[in-house]
Amino acid sequence: MAYFSLKNGCPNYVQIALESGIIVRYIYEIELQAPRFLIKKRLSRIFILRTLTHDNLKGEYRVSFGPDSPKVVSVRTLEEAKKLAFEINDISIISLSELPRGKTYVLRVRAKMEEAASSLPFKGLLDLFSSWGFQTKWYEVRFNY
Amino acid sequence: MKSDLTTSEARKRRIERIIMMAAVVFIALLSLAEYYLISGFSPLSTSSNVLIFAVINLDIFLILLLGFLVVRNLTKLVFEDKKHLLGAKLRTKLVIAFISISLIPTILLFLVSFQFLRTSIGYWFNIKVEKSLDNAMTIGRTYYEGRVTGLELMSQETGRLISLRCIEEDDTINRICIEQLVNPTPLSPGIQDSSRAISLNSIEVINSFHKELFVKIWLPLVDMPPDIPHSVLNQIFEGKDSLLHSVTLEGGELIRILSPLKNANNDILAVLILGHLMPQDMSYLLDDIRSGYDDYRQLQLFQNPIKGSLLITLCLITLLIIFVSIWFGFRLAKSITEPVKMLAEATNRVAMGDLDFSLESQGKDELSSLVQAFNIMTQDIKEARRRTEETSRQLRKSYGELEHRRRYIEIILQNVTAGVISIDRQGFVTLMNKSAASILNISSDQIIGRPYSQLLTRDQAKEFEEIRQELSRSPKGTLQRSIRMEIREKTLSLLASFTILRDQDERSLGVVIVFDDLTELEKIQRLAAWREVARRIAHEVKNPLTPIQLSAQRLRKKYLDKLDNETRVVFDKCTNTIISQTKELKHLVDEFSNFARLPSARLRPTKLDDLVDDVLSIYRAGHPKIEFKLDVQEGLPNALLDSDQIKRALINLLDNAVASMTDGGKINILITYNTAENEISLSVSDTGPGISPEDLPRLFEPYFSRRRGGTGLGLAIVNSIVADHNGHIMVKDNIPNGTRFILIFPIN
């Protein structure tokens, strides 16, 4: 089980984009590795998605949990939406029975934000000329089990 | 040229196809690589971007290709122009024209489009549009919030009433009570707020076990609302005062407000859910307002990227158009200049004489027709040349035959002993053979091309005119005449044949004169005649002379002493006269006899200088008043001569010379050897009075003498001896005075 949170995941320009009706997607990539002599063996790799939207008319934010879960949570404030989108709890990475004991493992995670959808035409072209997404570096936790 | 062009063109086409295929593969690979590079680790589909990448890559590639092709073609064009290759200048002009034609409107269109784009984007973000959208959004939001607020208030009131009236002491909820509370109409008088009247379309009560305790719905069956998710319900049980949950149905958007139902202890027993169906048309209107507002805000947000992307797209399209137009210009220029170049090269080849080729014509345009016409022309020229060559060959053959005949005739003409002179209709001399020149002692260069009248004396011209008139009257067109002609103080006796030259139409082309020199023949004939006369005279006269002389001597011997003195004197004188005259006659007859009976020459190698010296020694003794001098060239060879006859000839010459110098003088004898002609020359010159010009022609005729007592046979005998030795004799004036006889004998 892993938990982590993303800080400063919604800078001002993302907030403006959200309020302009752009759907923003957060992708969390979680990897569990077993370091070897020269390489790191990847034991598990998980992607977690959070999609954030804003309804200007209703004045609410929606957070969807995907890609497999149909769960959508509507909240009144951005802070609530950010909490839902940025705080990842109780993520099952791998069964303990699959991990040999007495070894060192590396759990690492990184986040990527991108524009998921826009109503504008030539979206791909706009992406090329106005790329405002970001990607964090890897954050690692080394542990022994 | 045909095969070369075909091979070259096919090779070029193949290379172009390979380049095209490689370009397609290259673009695909590049697009894929860029897609993965830009997508990074994302597993999500961004398929819409692939097309964009492909288009951009294609454009980049085309731009690079454009640059390459333009630079390549321009470089090629410049080099071809510098090398002054055929068609380069025309192609340069065409390319410049096409580029200008394409560039100017394209750039103009680009500038106008760019300005139009800026203006259009400015209109998009007009302040009035923004305000209208904001107002619309505010209206929509107010409407929606009014509904929600009204529903919330209704929910609070309904919840309060239910909590007061319908919750039992054991915290159970009385369904009948709720039923009575909401009946008979959705808007019960107890909970109706006239100021915020909204229709209630559903009332649900769900306990903490997510079990429906009460459900009352006033909606069509097809629009039955879905259950509220447990997670949402849980939020109410967890203490949330109110929750809004909306769902879109076919009849419109169902807004549902969730609120807790609490007992007296303020414990949450259940969740009250009140639903209001917002009409579909209104729901659509609100959606449109929201969608338009979002689009506008997004456009505003991406204003600069949109401008940039549109500008770049415009640039790419402009470059694409320029590329296509330049490329088209190159192709068009090539399609025009290539046939022209091909024609020019072909013309050069034709000019250099190469006709064994044909140009390949493609298409059905005017240039193709021109190429076909050129091919036909080349074939015609080739055929004409073949015929010309054939004709030329036949002409050469004919000319060769004619030349052969001409040379043959010329050789005949030059080698015949007869002289031939041809005169055309205008009276100009057109031909004169070597014999004619030799006979007339004149060069043909002085005669040919000149009118004959200028070459004749007045008398000769008159005579020739008479001949011409007689010739014109002659039915056969031929006339033979014996002519005596004075040429350079020499009288020639000619037998001339005049013939009119006529062509196939019997038109006169001129006159040809064929003549023989009979001068020598006449001389020989005359000499022979004289010899015959001399022989007969000698025969007829000599016989009676001896009896006459003997008779006169006998008379003298028998009767001289018997006569008286007077008679004896007469008798003596007469008999002496008879005897002396008889001796003279005898001598004369002997001379005749010698002349008539000149023996044939017996030629033997003779040393001429010794022979001459022997003769001179006799004359030196007999003529002391005359100086005799002999000059002999060194290295004089022996000549085949009859020494007796040469002595006789020399004595005759010396006699004449001595006789001409009664008061003394000088006689020079010069013997020389001409190695070139292999002749030996004997020259005898005196310082006497010389020979008058009028006597020269008859000098060697027998019995012609200006000397008193001369028989006129001496020089005739000399001439005869020289002729017997196959030599010839010449008479010249001795400088300053006297006569010089030159006898020329061949060595062999």
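Modeller: Happy to! Helices (H or I, at least four residues) and strands (E, at least two) are DSSP runs, numbered from the N terminus. This is a predicted model, in which local features need pLDDT of at least 70 and side-chain atom pairs count only at pLDDT 80 or more, while totals for chains, interfaces and linings use all residues. Residues are numbered from 1 along each chain as its sequence is written, and chains are lettered from A and ligands numbered from 1 in the order in which they are written.

Colleague: Which residue just after α17(B) takes a positive phi?

Modeller: Helix α17 of chain B covers residues 714–724. Just after this helix, a positive phi of about 60 degrees is found at B:N726.

Colleague: How many of the 11 residues of α17 in chain B are buried?

Modeller: A residue is buried if 20 or more other C-beta atoms, placed from the backbone, lie within 10 Å of its own, exposed if 12 or fewer, and partly exposed in between. Among the residues of α17(B) that pass are B:L715, B:I717 and B:V722. The helix is mostly covered, and its buried count is 9.

Colleague: Why does B:V129 count as partly exposed?

Modeller: This residue belongs to helix α4 (residues 127–165) of chain B. B:V129 is partly exposed because its number of C-beta neighbours inside 10 Å is 13.

Colleague: Where does α13(B) bend?

Modeller: Helix α13 of chain B runs over residues 519–559. A bend is the angle between axes fitted to the seven residues ending at a position and the seven starting there. For α13(B) the angle is about 25 degrees, with the proline B:P544 following within four residues, and the bend sits at B:K542.

Colleague: Which residue in β14(B) stands opposite B:K629?

Modeller: β12(B) and β14(B) pair in the parallel sense over 7 bridges. Opposite B:K629 stands B:N668.

Definitions and conventions
The expected span of a helix is 1.5 Å times one less than its number of residues. Two strands pair if DSSP finds at least two bridges between them.
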